[in-house]
Amino acid sequence: MLENSIFALLALFLMIGAMMVIWSRETILSAFGFLVAMLAIAGLFALLDNSFLFLAQIMVTAGAVVVLSLMVVTSINLKEENLPKEPYKFRWIVVSSILVAPFGLLIYRSLISLHKSFAEVSSGYGGLEMVGDRLFTDWVLPFEIVSVLLLAAMLAAIVIARKEIRDDS
Amino acid sequence: MTPEPLFAISTLLFCIGLVGIISRRNLFVTYISIELMLSAVNLLLATFSRLHGDSAGSVMVLLMIAVIAAEAALFLAIIIQLARSKKSIDSDEFSQLQQPRESL
Amino acid sequence: MNLLSFIVLIPFFSALVLGLIYLSDTKKDRFTLYTSIGILAPTLSMILSIMLWISMLDQDSDTIFYSKLFSWVELGDFHISVAFMADRLTTVMVTFITFVGTLIHIYAAGYMRGDESYGKFFSYFNLFMGSMLLLILASNPIIMFVGWELVGLSSYLLIGFYHKDSANIKAANKAFILNRVGDFGFVMALSILFLALEGSGYSFVSIEANIHTISTPTLSLIGILLFVGAMGKSAQIPLYVWLPDAMAGPTPVSALIHAATMVTAGVYMVARFAFLYNEIPHVGEFIAIVGAISALFAAIIATYQDDIKKILAYSTMSQLGYMFVAVGLGAYSSGIFHVFTHAFFKALLFMGAGAVIIAMHHEQNIFKMGGLKNSLRLVYVTMFIATLAISGIPPFAGFFSKDAILAAAFASEHYFIWGIGTLTAFLTALYMFRMLFIVFYNGTQPRVKLSPISKFMDRPLIILAFGSATLGLLGLGEAYGGSNIFGSFISLPDRTLHISHSSEYLLAILNTSMGVLGMWLAYRLFATNATMPTVKVAWQRIVINKFYIDELYELLFVKPLRSLSLFFERFIDRVGFDGILYISTYSYRYAGAKFAQLQNGKVRYYALYSMVGIALVSLFLLIFIGGI
C-alpha cells in the first residue's frame, strides 16, 4: 500500500515534470521540469531496490546534466523577443500525440505480453558492490570505451564551443 | 508491486519525449525531450533488471548515464555555437539544407 | 550470257562514277570529262545491244538468252533472282532504246553545256538509262518492277533538275505521286499473281507456262491492275496530268524520258504480259477504249496549246493512246512497232523543239516565234520530216505503224475505237502542222536575234530524221508486197485478225487523206498571221483550260488530303499526342516540385515524417498482428 502510493506520487511528479518540459513557453521552466522529472526517476530507481542507481541518477543527471543545462540557458541570455515564437504549438503537439500514440501502444502491448512479475531478490541487489563487481568483470570493455567517449566528448565540446580565433595581427 | 505500471510510465515518458522533439522549435526543449526519452529507457532497463534479478541491467543504466552526460556536453556546446552565430535558438531558422526554390 | 548484265550495269556504274566525280567538287567545270564518260556508257550499251541483236538473228524465234546476276531472296518456295532475259521483244526494245538514248545523250551535251550542274545531269541521265534497261531486260516481274520504280525516280530527279524554281519541284512531285498511284495497282497485280500461282516459280517464262492454272476472274483483275500501273507510267486517262507539267525539265529529259522511252514502259509491260492478256480479251478491249479516248482527248487539247513542249507532251499522250489501242486489241507487234517509230520521230521533234528554244533564248511560246524557216534550216527540215511521220503520211514511218493499228481496230470490228482513231489522226496532223507552221512560217525573218546552236545538237537530228523517213518500211505489210520484217522478227503472240487487202487499201487511203487534210487546214489557218487562241465560243474556253482536269483533281483529291493532313497535324498530333506526352511529363515535374517542397530544411518536419511512417507501421502491427 505504501509502496503503491509512493509510486503514484513519484509517477505524478514525473508526469508533471515531463509536461512542463514540452508545454512551457519559457526555457527556464522546461529546464526546471527536467529537474523534477530526473528526481522523480531517481525516486523510482530507489523504489526498485536499486540504491546505486538512485545515487548515480541524482549525482550525475540531476547534479551535472541539469546544472549544465541551466548554466547554458542562463548564459546564452536571450532576450524575450529572440525566443522562438511558436504560434502553432498546440496544433503540433496534438498532431504529434496522435501520431505517437500507436507507437506507444505497440511498445506497451509488447512489454505487457511478457507476463512477468517481481520476484524476491538477493539482499545485495542494486548495491554498490554488486554493480561494481559486474562492472569490472563482464562489462569492463564498455566501461573503458565509455571513458574514452567522455574524453572525446570533452574535447569536442571545448572545440565546438570556443570563440572563433581572430587573427588580428 | 507489478511491473505493468512501470512499463506504462516509461512508455508514456518516452512518448512525451517524442512529442516534445517533433513539436517544439526551441532547441533546448528538443534537447531536454531527448534526455527524457533516454531516461525513460533507463527506467525500463532498471525495471527489467529488477525483474530478472540481474545486476547487468543496472550496469547498463550506469553506462547510459555516462553517455547521457557526454551527449549533454556536446549538445549544449552546439547550442552555444548556434546561438552565437544566429542569435536565435529556433530550429526553423537553421534550414540551409532545404531544397532550393525553383520554378517549374 | 553476261553480255546482258553489262548492258544494264554499264550505265549504272557510269552514273555512280559521274556522281562521285561531281560530288568531289560540284563547282568545277569538267565538260570534257563528264561528256566523255556520260556518252560512253550508253554507247557501250548500244554496241552490246547490237551484238545481242546480231546473235538473235541466227536463233529460233522463241530462243531466250539468260544472265543471272545474283539471287536476291530465297525463302522456302519463294525465289527471286536478279536475272536478265532477252527474247525477241527485249532485243528490239533494247536496241532502239540504246540507239535513240545515245543520240539524245550527245544532244544533251550540247544543250546542257554551261549549266552549273552539268555533271549531276549526266549522272542522273545515265541512271535513267540503266533503270530503263533493267526494266526491259528483267526476267521476272519483280525485277521489272524495280526498274519501273527506278525510272520513276530518275524521272523525278530529272524533272526537278532546275530545282531552284519551286514550280519545277511541284511538277516533279506531281509526276512521282501519280506514278505511285499507278504503281499501287501494279504491286497489287503482282501480289495477286504471285498468290494465284502458288509457288510455281516467278519468272516470266514460268508464269507463262502456268497461266492456265489461274481462273479468268483472277486474271481479269490482274490484267486491270497491271494496266492501272501502265496508266500512271504511260500517262493515260485518268493518271496523265503529270505529263504536261513534266515539261518543266530540261528538253533532253523530255526527249528521252517522256517521249521515247519511259512512257512506253506501260506498252512494253502489256506486250510482255501478252500471254496473260490473250486470255482476257475483254480487259484488252477496256485497255483499247481507254487508249482511244486518251488519244482523242489529248489531241483536242493540243490544238489550243501555245507552249511548244506542251504540244509535244499532249502529242505523246495521244500516240501512247494509239499504242494501247493496239496492244489492247491483241495486235502486240503493231503496238511495239508504233513504239519503235514513235521513239524516232518524237525524240526528233523534242530535240528540234529544244534547238528552237535555245535559239530563241529559252522562249517556249510558239506565238512569239515565227519566220525561222530560213534561219534554222536544218532544224526546220528535220522537224518537217518528223511532222510528216507523226501525221501518218506515207512513206514516212508513222504511216505504217498507225495504219497497222487502225487496221487492227477495224478488222476486229471495234468500229467505235476505229472511228475515234481516225478522227484523232486528223487532229494529230492538224495540231502538229499548226505547231510547225506557227514556229517556222509566219514571216520570213525571226523576231529576235537567234543564239547559235551547238554541233552536238545538230547531228543527232539528221540521224533521227533519216530513221523517221525510212524505218517504216520495216513494218511493211504483205498487202504492199513487204513481209513485215519487224512483226515477224519480234514474234509476239498476236491475236489473229483478218482483213482483206482491199479494205486495207481503203483504210490506208482514208488515213492518208486525214493526214493531208489536217496539214492543209493547218496551212490555211496558221501559216500566216497566226495569233494566240482567244475565247470566242464557250467550248473553246474549256479546251484552252485543258478541260479543267487539273482543277478537278485539285478539288477532289488534293484539297481533301491536304485538309486531312492538316487536321492530323493540328489536332491529333499536336493536341493529342503531344498533349498526352506533355501531361505525362509535366505531371511528373509538377509532382516532383511539390514533393521537393517537403524538404524544407527544418528538422522538426523530418522528425514528423519519420513519425508518420512509424505510426503507420505500428498501426499495421497492432491491427493485423496483434489484433486490437
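In this predicted model, A:R134 and B:D54 form a salt bridge in which the closest N and O atoms lie 2.7 Å apart. The rule finds two salt bridges across the interface of chain B and chain A, and across that interface it also finds nine residue pairs in polar contact, with both residues at pLDDT 80 or more. On the side of chain B that touches chain A, the elements giving two or more residues are α1 (3-23), α2 (27-52) and α3 (56-86) of chain B. Of these, α3(B) gives the most to that side, with 24 residues. Sorted by class, the side of chain B that touches chain A holds 47 nonpolar, 16 polar and nine charged residues.

The extent of the contact can be described in residues and in area. Chain B brings 72 residues to the contact and chain A brings 82 residues, and between them the two chains bury about 6,800 Å², of which 79% is on carbon and sulfur atoms. Within chain B, the residues that lose the most area to chain A are B:M1, B:R24 and B:R50, which together account for 12% of what that side buries.

Turning to chain C, the residue C:R541 is found in helix α22, which covers residues 538-544 of that chain. Is C:R541 buried, exposed or partly exposed? It counts as partly exposed because its relative accessibility is 46%, a value that falls between the limits of under 20% for buried and over 50% for exposed. C:R541 and C:Y304 are 237 residues apart along the chain, and their C-alpha atoms are separated by 9.7 Å.

Technical notes: Residues are numbered from 1 along each chain as its sequence is written. Chains are lettered from A and ligands numbered from 1 in the order in which they are written. This is a predicted model: local features need pLDDT of at least 70, side-chain atom pairs count only at pLDDT 80 or more; totals for chains, interfaces and linings use all residues. Side-chain values use heavy atoms; hydrogens and water are left out. Contact means heavy atoms within 4.5 Å. Buried area is the accessible area (1.4 Å probe) that two parts lose on being put together, summed over both. A salt bridge is a side-chain nitrogen of Lys or Arg within 4 Å of a carboxyl oxygen of Asp or Glu. A polar contact is a pair of N or O atoms within 3.5 Å; within protein, one must be able to donate a hydrogen and the other to accept it, and residues adjacent in sequence count only if both atoms are side-chain atoms. Helices (H or I, at least four residues) and strands (E, at least two) are DSSP runs, numbered from the N terminus. Ala, Val, Leu, Ile, Met, Phe, Trp, Tyr, Cys and Pro count as nonpolar, Asp, Glu, Lys and Arg as charged, and the others, Gly among them, as polar. Buried means under 20% relative accessible area, exposed over 50%, partly exposed in between (1.4 Å probe, protein chains only).
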